[in-house]
Amino acid sequence: MNILALIDKKKYGQELTREEINFIVEGYTTGLIPDYQMSAFLMAIYFQSMSISEISFLTEAMINSGEIYDLSSIPGFKVDKHSSGGIGDKVSLIYAPLVAAFGLKVAKMSGRGLGQTGGTIDKLESIPGFKVEIPFSEFVKIINQTNLSIMSQSNNIVPADKKIYALRDVTATVDSLPLVAASIMCKKIATGSDGIVLDVKCGSGAFMKTISEARKLAQIMVELGIKFNKKIAAEITNMSQPLGRAIGNAIEIYEVLQTLKGTGPDDLNYIVAESAALSLFQAGLFPDLASAVVTCQEKLQTEEPLSYFRAFIKAQGGDLSFIDNNLPLKDILKVKNIIEIKAEQAGYMEITDTNELGLLAVRLGAGRTTKDEVIDYHAGIYLNKKTGEKVAVGDVVMTLYTNRYVTEPVYEWVKQTFKITSTKPREQELIYEIIQ
């Protein structure tokens, strides 16, 4: 086969075969196909898209480029959850112990944050001593002990995806739906779970800005899951404002703990219960989704999910005093500067730019702009007021936590994220659609 001929074929919108896509993925992973030719191929996909068969072949080729985890030594129904990324999204950290409390086994690989969307691994690493890099044998052992484990992505899993993603990042092809879907699903399938729940976020704080874009991506990924014989569901959720009130790392762990203790914010409780219910329904534990949701909401009001979370943290080396000390937030986040942003007029809070809030958290030190940048686990933002909540003059609407020197531009950045309105903003749906 000839790479130039295959680039030309895709350039004119023709469908590639399994063998042709295997040739390209294997050739690029092993170094036989150079970056400049793969860049041309990715750009051809960007403009001509791919059929579901082609996306399936691409996903399969990336899976076969590395190890495939065998979870057969773990009894029971194995589940995994993926979020397309949003501001303040700590759902997975509550979902995992919640479904574990029902007997499901959570085998999850997660990533670090880059840019304004935080990473599950960074949040877990804000717990002193917590180990994210563990061998597969220990991963399996912990799941058998505690019903759940979350670890960072192994270099041996889908190496083709890692190499292709790095190239997409510098060739303006990150937002190609076929490439996004294949990248997400190859990792979910390679890790061997029986059931997969996808949270596709849309809105100002998400990668997908509109419901129609999110729906297209969700439909592709669900079709891929079916082709690989997985039980799969995708929920399209609202990211027009942050989920919960905390944005950062240790500050989000604080909110996770509050939720596991039964006092979490309503929006976070709602999304967690719906996500967990989808997995319980896939496992056949409930006859319908509605009854699963109600039971999940009830279970969140008990101490059981927190006990599973504690066992998981302890098994991976985390300091349980961080979880059990019940300190107020200001004593957990030991930062040099705490800035209270106060309302200058009365009315109703409206968050206008969630993406900018995420960027503000990065500027405070809570995120990174390059993969090698060191983040400050204690930096972050707490939203004292969220969209639709009443505000009086002088009320604190948000609190910033940082160890960095605070300059005047910080206040200008804050002003770009919210406004106070005279009329209450219309309440928005949290979940737009579920695709199964």
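In this predicted model, L93, P97, L98 and A100 of α5 meet P305, Y308 and F309 of α14 (contact: heavy atoms within 4.5 Å; helices: DSSP runs of H or I, at least four residues, numbered from the N terminus). By class, this contact has 7 nonpolar, no polar and no charged residues (Ala, Val, Leu, Ile, Met, Phe, Trp, Tyr, Cys and Pro count as nonpolar; Asp, Glu, Lys and Arg as charged; the others, Gly among them, as polar). The axes of α5 and α14 come within 8 Å and cross at roughly 110° (lines fitted to C-alpha atoms over the stretch in contact; angles run from 0 to 180 degrees between N-to-C directions). That makes α5 roughly perpendicular to α14 (65 to 115 degrees).

Local features need pLDDT of at least 70, and side-chain atom pairs pLDDT 80 or more, whereas totals for chains, interfaces and linings use all residues. Numbering starts from 1 along each chain as its sequence is written, and side-chain values use heavy atoms, without hydrogens and water.

Helix α7 spans residues 136-146. Its residues F139, V140, I142, I143 and T146 are buried (under 20% relative accessible area, 1.4 Å probe, protein chains only). Seen down the axis of α7, these buried residues fall within an arc of 165°, so they line one face of the helix (arc of the directions from the helix axis to the C-beta atoms). They pack against α5, β2, β3 and α14 (strands: DSSP runs of E, at least two residues). The face turned away carries S137, K141 and Q145, which are exposed (over 50%). Just after α7, N147 takes a positive phi of about 75°.

Definitions and conventions:
Parallel < 35°, antiparallel > 145°, perpendicular 65-115°, else oblique.
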